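Colleague: I'm new to this one and would like a close look at a single part of it. Could you walk me through that part and then show me how the rest fits around it?

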Amino acid sequence: MTRQNTSRATRTSPKRIAIQGRKVSNMPRADQNLPTVLVVDDEPAILRMLAEVLAMNGIAVLTAGGGAAGVKTYRQQQETISLVLLDVQMPPPCDGPQMLIELQQVNPLVRVAFMSGSTGRYSAAELLELGALRVFDKPFGSLPAFASDLKELIARTQPKRHAGSEGPP
């Protein structure tokens with residue numbers, strides 16, 4: 001199978017999910033305070049599946065088809081992104097750990113979780129030492145449980161806001 005590295009980022013909200021121009025689901029109007037996850041994976045099918053499942057579970061989603069596109073999207077929208085979900089193994093020049101390093105240069109407080117069927121040359125402990133909050137195994141068991149785990153991770157690691165403050169931290 002040929003892997004495709006797209007440089008286009010897309011946003012999926014729980015209100016409506018469009019995959020290749022096809023409406024997949026229509027949900028009630030989303031609260032503007034939904035957590036937003038940037039999902040970065042070089043497999044288009046994984047991006048589509050995660051966008052749909054996360055949106056159906058109350059998480060707004062941005063997707064990027066590779067490391068360079070993910071870094072660009074994060075730079076442009078970091079104030080709205082609650083968590084970055086990265087595939088560990090992506091084609092050079094920017095695999096998941098390299099992308100984490102680049103994201104940390106943009107924002108040292110970036111919140112990142114990895115996902116992978118195989119972490120390759122990296123151990124889970126090394127990924128956590130780099131600054132990841134968690135490493136999820138692919139394939140995911142129950143997708144709704146995975147979405148719930150992500151929401152819990154976001155809630156647990158979200159910076160606390162002071163009373164009266166508005167906007168992103």
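Which residues does Lys-138 touch, not counting residues up to four places away in sequence?

Modeller: Happy to. Keep in mind that this is a predicted model. Leaving out residues up to four places away in sequence, Lys-138 touches Asp-41, Ile-46, Asp-87, Met-115, Ser-116 and Gly-117. You'll find Lys-138 in the loop between strand 8 and helix 5. Lys-138 has a relative accessible area of 17%, so it counts as buried, the cut-off being under 20%.

Now look at what the side chain of Lys-138 does. It makes a polar contact with the side chain of Asp-41, at 2.9 Å. The side chain of Lys-138 also makes a polar contact with the side chain of Asp-87, at 3.4 Å. Then there's Ser-116: it is 22 residues away from Lys-138 along the chain, yet the two C-alpha atoms are separated by 5.1 Å.

Ile-46, which Lys-138 touches, belongs to helix 1, where Ile-46, Leu-47, Leu-50, Ala-51, Val-53, Leu-54 and Ala-55 are buried. Helix 1 covers residues 44–56, and its 13 residues should span 18 Å at 1.5 Å a residue; the end C-alpha atoms are 18 Å apart, so the two figures agree. After helix 1 comes Gly-58, which has a positive phi, near 80°.

Met-115 is another neighbour of Lys-138, and Leu-86 is in contact with Met-115 too. In soluble globular proteins, nonpolar side chains tend to be buried together.

While you're at strand 4 (residues 36–40), have a look at Thr-36, which lies in it. Thr-36 is buried, with a relative accessible area of 3%, and a polar atom of its side chain lies 3.4 Å from the backbone oxygen of Thr-80.

The model has 2 aromatic pairs. One of them joins Phe-136 and Phe-146 edge-to-face, 4.9 Å centre to centre with 85° between the planes. Phe-136 lies in strand 8 (residues 134–137) and Phe-146 in helix 5 (residues 143–157), so this pair ties together parts that are 10 residues apart in sequence. Phe-136 is buried at 5% relative accessible area, and Phe-146 is buried at 4%. Ring pairs link Phe-136, Phe-140 and Phe-146 into a cluster.

Finally, the wider view. The protein has 5 helices and 8 strands, in the order β-β-β-β-α-β-α-β-α-β-α-β-α along the sequence. Of its 169 residues, 42% are buried. Among contacts with a separation of 6 or more, 66% are between residues 24 or more positions apart.

Notes
Residues numbered from 1 in each chain as written. Predicted model: local features only at pLDDT ≥ 70, side-chain atom pairs only at ≥ 80, totals over all residues. Heavy atoms only, no water. Helix = DSSP H or I, 4+ residues; strand = E, 2+ residues; numbered from the N terminus. Expected span 1.5 Å × (residues − 1). Buried < 20%, exposed > 50% of the residue type's maximum accessible area, 1.4 Å probe, protein only. Polar contact = N/O pair within 3.5 Å; in protein donor to acceptor, adjacent residues only side chain to side chain. Phe/Tyr/Trp six-rings, centres within 6.5 Å; stacked < 30°, edge-to-face > 60°. Contact = heavy atoms within 4.5 Å.
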